[in-house]
Number of protein chains: 2
Amino acid sequence: MNRATLIAQIYQKHSYLCVGLDTDIQKIPKHLHQEKDPIFAFNRQIIDATIDYCVAYKINIAFYESLGARGWESLEKTLAYIPNSVFTIADAKRGDIGNTSSLYAKAFFENMNFDSITVAPYMGQDSVSPFLTYPDKWVILLALTSNEGSRDFQMLKVQESAQDVEEFLFEKVLKISQLWGGEDQLMYVVGATHPQLFEKIRQLVPNHFLLVPGYGAQGGDLQALSKAGMNQDCGLLVNSSRGIIYASADKDFAQVAQKISKGIAEEMKIYLGQ
Amino acid sequence: MNRATLIAQIYQKHSYLCVGLDTDIQKIPKHLHQEKDPIFAFNRQIIDATIDYCVAYKINIAFYESLGARGWESLEKTLAYIPNSVFTIADAKRGDIGNTSSLYAKAFFENMNFDSITVAPYMGQDSVSPFLTYPDKWVILLALTSNEGSRDFQMLKVQESAQDVEEFLFEKVLKISQLWGGEDQLMYVVGATHPQLFEKIRQLVPNHFLLVPGYGAQGGDLQALSKAGMNQDCGLLVNSSRGIIYASADKDFAQVAQKISKGIAEEMKIYLGQ
């Protein structure tokens, strides 16, 4: 999906919600265990219930990989079920030397036709660039993640040379990686748990989309992050996983997921109009 | 596998060679394409040919993942074929928020019974620690990788506080991550392409094992890195992938792989004896 289409979808649906399909066989309602493919049965109902209120689905690959070959089948069926009008994210946090990243790109962009993949920056340019050779496919690079461990390295002060101003490592990641791909191919992960840093981040990457995890179960505030993070094209995809898909553990899970995602979209409509 | 067994294997085989199974359907000899599972057929012959000369196999997950469900089958068969006396590495470069890293750990340590997995440090402690809860299983943390992009972030100068001495980011990774797990659970990736830094690295992590990629196809020098990197328990696993498994593209690929791995082991025996 290209940037213009993504923006058009956001303003058509009045939503920049991304629903995270962190589908855990241990957490889905018991009655689905009778289904042939319980994971896909759950995802299908979640997608049907939320698709009018979100513009993206983020599939957390670990949840499928941990089930082996069976999990990959559920993943492929889920991806095929999502219409092309909705942006899809392989939340895989991949990144390796060039020849290996090329194969991950093939796996997620050719074999599976995801619109985007999350990539870890630690190994540098040649680990990221193989993902940037596909037109209308996106790299979503980890900049400042939502977890506690984001403070261990991402928030270390770094300096390239003696003349250089000190900055956090994640700021260097934002600055340096912009040279690798433009705002039509590259987004950044910025956790909702760091609202005080959104303004600074927007100075460094005014035009790029930000994928914002950590809203909902991890605790970020939608109003604050929208105000500080939004740009003239919206520029935000705010993800909620557990807060939507596991809001009810009962037979009404899809209705409850719909109610919650509708509520979030209504709130987002207000911020989009401002 | 625990540390004592790994060290015993090294001194028994007089080798610290790791053979990388970066098995690419495009690169294996043509005659294997007739086999039901060409990837496994190739790996089986490589393993038979090299097992007397190496102590570890590193399976590059991207090569299997890029083939979909079929690839995971080849991977599982390959892993099952490797005897327990040989250390196995899932070269997967995973790392995510805690609940997600737990699932990757489950995938590679429970479902697949690998001895170890490579993990990227960018997301910090809670992304790594779920892999450290398994006894006799190992995290091999990326410190200084062998690729060109290792210079982009890993070699930035960082400072934790004004009193703090400036160090490269990868040195901080080595220092900080030592608090997360001991030398019987944690190894580090240090590329053979940075021989001048091995001495400094050994000052920071005198006892940990180092997994050294970048020897062979990527050009590192075995004598120099062995001299600078070895500790009293050897402490090295030196990986070669393409330089061994694709040394011949013909029917004699396994014999040639044997000859090369035997030659490397003979050289290693000398360095182990010194």
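1. Helices (H or I, at least four residues) and strands (E, at least two) are here DSSP runs, numbered from the N terminus. On that basis, chain A of this predicted model has 11 helices and 10 strands. The radius of gyration of chain A is 18 Å, close to the 19 Å that the globule rule gives for 274 residues, so chain A is as compact as a globular protein of that length. Along the principal axes, the C-alpha atoms of chain A fill a box of roughly 65 × 45 × 35 Å.

2. Of its 274 residues, 55% count as buried. Among the contacts in chain A between residues at least 6 apart in sequence, 71% join residues that are at least 24 apart.

3. The relation between the two chains deserves attention. In general, two copies of a chain are related by a rotation about an axis and a shift along it.

4. The contact between the chains involves 49 residues of chain B and 49 residues of chain A. On the side of chain B that touches chain A, elements that each supply at least two residues include α3 (61-65), α4 (69-81), β3 (87-94) and α7 (169-177). Helix α5(B) gives the most to this side, with seven residues. By class, the side of chain B that touches chain A has 19 nonpolar, 17 polar and 13 charged residues. Of the interface residues of chain B, 100% are also interface residues in chain A, so the copies meet through the same surface.

5. Strand β6 (residues 157-159) of chain A pairs with β6(B) in the antiparallel sense, over three bridges. Within this pairing, V158(A) stands opposite V158(B), and the bridge partner of K157(A) in β6(B) is Q159(B). The open sheet has four strands in the order β7(A)-β6(A)-β6(B)-β7(B), with antiparallel pairing. At its edges stand β7 (167-168) of chain A and β7 (167-168) of chain B; each has a single partner strand, so one side of each is left without a neighbour in the sheet.

6. Within chain A, strands β1 (residues 17-21) and β2(A) run parallel and are joined by four bridges. Five of the five residues of strand β2 (residues 56-60) of chain A are buried, so β2(A) is largely enclosed by the rest of the structure. As a general rule, the side chains of a regular strand alternate between the two faces of the sheet. In β2(A), A56(A), K58(A) and N60(A) point one way, whereas Y57(A) and I59(A) point the other way, and all are buried.

7. In soluble globular proteins, nonpolar side chains tend to be buried together. The largest nonpolar core here has 181 residues, of which L17(A), I140(A), L141(A), L17(B), I140(B) and L141(B) touch the most other members. Neighbours within four places in sequence aside, the contacts of L17(A) include Y53(A), V55(A), V238(A), I264(A) and M268(A).

8. L141(A) lies in strand β5 (residues 138-144) of chain A. Is this residue buried or exposed? With 25 other C-beta atoms within 10 Å, L141(A) is buried, because the cut-off for burial is 20 or more such atoms. Beyond its neighbours within four places in sequence, L141(A) is in contact with residues including V119(A), V128(A), V173(A), L186(A) and V189(A). L141(A) and V173(A) are 32 residues apart in sequence and, from C-alpha to C-alpha, 8.8 Å apart in space.

9. N113(A) is not a glycine, yet has a positive phi of about 55°; N113(A) is found in the loop between α5 (98-111) and β4 (116-119) of chain A. With 15 other C-beta atoms within 10 Å, N113(A) is partly exposed. In chain B, H14(B) likewise has a positive phi, of about 50°, although H14(B) is not a glycine. H14(B) is placed in the loop between α1 (3-13) and β1 (17-21) of chain B, and is partly exposed, with 17 other C-beta atoms within 10 Å.

Conventions:
Residues are numbered from 1 along each chain as its sequence is written. Chains are lettered from A and ligands numbered from 1 in the order in which they are written. This is a predicted model: local features need pLDDT of at least 70, side-chain atom pairs count only at pLDDT 80 or more; totals for chains, interfaces and linings use all residues. Two residues are in contact if their C-beta atoms, placed from the backbone, lie within 7 Å. Ala, Val, Leu, Ile, Met, Phe, Trp, Tyr, Cys and Pro count as nonpolar, Asp, Glu, Lys and Arg as charged, and the others, Gly among them, as polar. Two strands pair if DSSP finds at least two bridges between them. The radius of gyration is taken over C-alpha atoms; the globule rule is 2.2 Å times the number of residues to the power 0.38. A residue is buried if 20 or more other C-beta atoms lie within 10 Å of its own, exposed if 12 or fewer, and partly exposed in between; C-beta atoms are placed from the backbone. A nonpolar core is a set of buried Ala, Val, Leu, Ile, Met, Phe, Trp, Tyr and Cys residues joined through C-beta atoms within 7 Å.
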